[in-house]
Amino acid sequence: MTVPPVELDDLGDPAAEFPQATREQWRTLAAEVLRKSGWDGSPGEAEAALTSTTYDGVAVAPLYDAADLPAAPRTARAPGAWDVRQRHADPDPAASREAIHADLENGVTSLWLDLNAIDPAALPAVLDGVLLDLAPVVLDAGPRTAEAAEHFLRLAGGVALPGGNLGADPIGLAARTGEATGSDSAGLDGAVALARRCAADHPGLRAITVDALPYHDAGGADAEELGCSIATGVAYLRALTGAGLTAEQAFGQLEFRYAATADQFLTIAKLRAARRLWARVAEVTGVAGAPGRQLQHAVTSSAMMTVRDPWVNMLRTTVACFAAGVGGADAVTVQPFDACLGLPDAFARRIARNTQSLLVEEANVARVADPAGGSWYVERLSDDLASRAWEWFREIERTGGMAAALERLVPERLAATRARRADNLAHRRDPLTGVSEFPDLKERPVSRRPGPGLAGTSGSVSGGGLPVVRYAEEFEALRDLADAQPSRPTVFLATIGPVAAHTARATFAANLFAAGGVATVTSGPGTDPAAIAAAFRDCGTPVACLCSSDRLYGEHAAAVAAALREAGAHKVWLAGKGEYEGVDATLYAGCDALGVLRATFDDLGVSR
């Protein structure tokens, strides 16, 4: 039998037979679900109850529709593969050269050289065999920028450079070191001199990097990172135009560097907001079109990387790379998963570059201009983030500009955000997979050659400038302390009742204690206080934690706690909430996990 062809017009509107859903209907249904958890608000309040807030105070709603679309214009990178940029920081010139050639032969399209680690004088050896007319080079030399630029330009000779950047960033250097921007070769005057030289003799090369990583690495929020970058860019524009460059030439000397995190939507929105903010600066200064477009380099976040269970970093950087590509970054650096351990090995570098190759070549992420554009959520988030960042930028300007704001305003603002973030990390509201959530006490340590592994940290000076943080540091410090003990610190889990009654809370408690490197031993099912106490004595630890349902706690918690006390328990925790005789404190979702772990170390006699 032959089936006649069906024209699309014959299908009509597939949704026409269904009634149009409204926001009010959604609120009513959401309220019904919320009431099951004890919430007693009205349907009109359901949306607010489910709304969260970013560290910048931007509201993230549970639902968006066409009414949320902002009127702001969209800015996007043209479709096509972004620049795959790999960072190199091995102080051994031969090792760096070998890694560079491996990268360029396997998908990397530009190089980022950390010359705080590599001697600038070694550039001829490091770049030996590299075709500088094909592979753009970005320098990062901090206080040795002028020296590094001389070595590189001498090496390039008369080659028509296809791109790259000399990496002058005196304000970023001041943020990292705490030293004033100055007027020497490492300061604004030196940056201006390099920009004039690039504009005159190397039209394909830029001189200045507006590096926003110091503000992200100090624990700052996304709008804070954006505002600081725009204020820095404006300061450089003033210096460049004041030295005789046209506004178009000044814009053409800047490249912006941002952190990409595992929060994919915030990363997408941040990069989109950054272009919009810089487009506004270009508009105000009379630079229209392509000359005023922001050139973006996205780097997967150093702050989000973990030493513990570092393999999870592959997942973090994949999400961050995807977000950077969708957000429209012109160049992306994926940090190797072991970068926080020291110098990455060849396997880690291969995975980092192949992450980008997969997203570009197999997933085709780069084939669409602004793929997130039109999303009610992303458009609203981008606009709100841009508004917060612009407010912060104007506050910096009122202080006297970015250099002046670094003296007090910026450090104080970032410190406040860092404190809020630290509190959320401690309470596991900001989870860290493999560290504060689902830790693996049996993981085998990964070691790497010592060296400046993570991007954005090598220029920092202890005691000066903005701090450099990793979100996992405090949990990892406790893990290190636990590992250093003669025997693994242990807590006894008194699992009351049948398996079904205690499994969820026993699993929760075991994961919480493991986040600090503390092992757990369970009593097994049962309600007999004497049997549980006997198992506790065999465990040989002075700390116990009751795990069961609320109903069984009411029936047995006090008796089991008393038996544990009689057996020598110095501290009795309870997984869940409630007050019971003999119980010292409770563990529950959202409790201060770091505080619990520190108290447990004290109870176990582990010196901190």
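Two strands count as paired if DSSP finds at least two bridges between them. Strands here are DSSP runs of E, at least two residues, and helices are runs of H or I, at least four, numbered from the N terminus.

Quick note on the source. This is a predicted model: local features need pLDDT of at least 70, side-chain atom pairs count only at pLDDT 80 or more, and totals for chains, interfaces and linings use all residues. Residues are numbered from 1 along each chain as its sequence is written, and side-chain values use heavy atoms, without hydrogens and water.

Start with β4 and β5. Strand β4, residues 110-114, pairs with β5 in the parallel sense, over 4 bridges. Leucine 113 has leucine 139 of β5 as its bridge partner. Now β5 itself, residues 137-140: both faces are covered. Val137 and Leu139 on one side are buried, and so are Val138 and Asp140 on the other (buried is under 20% relative accessible area, 1.4 Å probe, protein chains only).

Next, the open sheet. It has 5 strands, in the order β12-β11-β13-β14-β15, with parallel pairing. Which strands stand at the edges? β12 (519-522) and β15 (585-587); each has a single partner strand, so one side of each lacks a neighbour in the sheet.

β14, residues 571-575, pairs with β15 in the parallel sense over 3 bridges. There, leucine 574 stands opposite threonine 586 of β15. Helix α19 (499-514) packs on the sheet, touching β11, β12, β13, β14 and β15 (contact means heavy atoms within 4.5 Å). The direction of α19 makes about 170 degrees with that of β11. Axes are lines fitted to C-alpha atoms, for helices over the stretch in contact; angles run from 0 to 180 degrees between N-to-C directions.

Last, helix α22, residues 593-603. α22 lies across β11, β13, β14 and β15, at about 150 degrees to β14.

Key: Buried means under 20% relative accessible area, exposed over 50%, partly exposed in between (1.4 Å probe, protein chains only).
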